[in-house]
Amino acid sequence: YVRRYKCRMYVFEYIYHGKGVVNINGLTCRPKAGDMYILNQGSDHEYYTDKKDRWRKIWFTASGMLIEQLLRAYGMTSVHWVRDVDIKHLFLEMFAAVKNEAPDQHNLTALLLHKVVIESAARLRLGAHRTSPEANAIKNYLDRNILKPICLDDIAGLIHKSPSQAIRIFKKEFSVTPYEYIIRERINSAKMLLGNHPYMSVKEVAYMLNFSDEHY
């Protein structure tokens, strides 16, 4: 059981087993496995596990203007509960980056935080609109591999279709091709990194996001 008044930080918690209760600023939600909840800086909140189905979670706390800017940019300043969002891997990557003290730890955790917000906002936008499983599989693959080279044959292989069919299925749901989507997300990530980390060079950002070079 945790209770905080005028919390001095942001808290992001992902439940991968069980369920519980979260009260924040007078609002009550009952998140379960597969859900994430956000406890905003300055909020009064309390949360606790269900006694019969105890939750297991991975979480991180953070503070600073970057978080506030990201939540505002993606329309999530008043969002506290995101249901059925597949982002456990991002929390694990965040944990590994901090635990292993990676050389680019600060930049990597900032990028992972951005991806957490992007994925959460995208899940909220979907709402009642359910995309096809095949299109979702491609999108999840692209989101998880934003820092890696992307091969169209690998994308097509995910859903056992030809490359042209894979492009058509994805574009029908998201109005862009897989290539256009990954470039857009990399550019958005580059904007975030350059805007919030002025000591990083364009070349460093290009390398991190797998662009051919800084000119590209």
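Residues are numbered from 1 along each chain as its sequence is written, and side-chain values use heavy atoms, with hydrogens and water left out. Because the model is predicted, local features need pLDDT of at least 70 and side-chain atom pairs count only at pLDDT 80 or more, whereas totals for chains, interfaces and linings use all residues. Helices (H or I, at least four residues) and strands (E, at least two) are taken as DSSP runs and numbered from the N terminus.

Strand β3 (residues 20–24) pairs with β6 in the antiparallel sense over five bridges, and Asn23 stands opposite Glu46 in β6. Strand β3 also pairs with strand β4 (residues 27–29), again in the antiparallel sense and over three bridges, with Ile24 opposite Leu27 in β4. The two strands β3 and β4 form a hairpin with two residues between them, and Asn25 in the turn has a positive phi of about 50 degrees.

Five of the five residues of β3 are buried, so this strand is largely enclosed by the rest of the structure; buried denotes under 20% relative accessible area, exposed over 50%, and partly exposed the range in between (1.4 Å probe, protein chains only). In a regular strand the side chains alternate between the two faces of the sheet. Both faces of β3 are covered, with Gly20, Val22 and Ile24 buried on one side and Val21 and Asn23 buried on the other. Tyr48, which lies in strand β6, counts as partly exposed at 32% relative accessibility. When residues up to four places away in sequence are not counted, Tyr48 touches Tyr1, Gly20, Val21, Asn23 and Trp55. Between Tyr48 and Lys88, 40 residues apart along the chain, the C-alpha separation is 20 Å.

Among the helices, α3 (residues 105–126) has 22 residues and reaches 31 Å from its first C-alpha to its last, close to the 32 Å expected at 1.5 Å a residue, the expected span being 1.5 Å times one less than the number of residues. Helix α3 is mostly covered, with 16 of its 22 residues buried. The axes of helix α5 (residues 152–159) and helix α6 (residues 163–174) come within 8 Å and cross at roughly 75 degrees. That angle makes α5 roughly perpendicular to α6, given that angles under 35 degrees count as roughly parallel, over 145 as roughly antiparallel, 65 to 115 as roughly perpendicular and the rest as oblique. At this crossing, Leu152, Asp153, Ile155, Ala156 and Ile159 in α5 meet Pro163, Ala166, Ile167 and Ile169 in α6.

Ile138, found in helix α4 (residues 133–144), is buried with a relative accessible area of 0%. Leaving aside neighbours within four places in sequence, Ile138 is in contact with Ile155, Ile159, Ala166, Phe170 and Pro178. The C-alpha atoms of Ile138 and Ile169 are separated by 9.4 Å, although these residues lie 31 residues apart along the chain.

The structure holds zero disulfides, a disulfide being a pair of cysteine sulfur atoms within 2.5 Å. For Cys7, the closest cysteine sulfur is that of Cys29, at 15 Å, which is too far for a bond. Cys7 is buried, with a relative accessible area of 3%, whereas Cys151 counts as partly exposed at 32% relative accessibility.

Note on methods. Axes are lines fitted to C-alpha atoms, for helices over the stretch in contact, and angles run from 0 to 180 degrees between N-to-C directions. Contact means heavy atoms within 4.5 Å. Two strands pair if DSSP finds at least two bridges between them.
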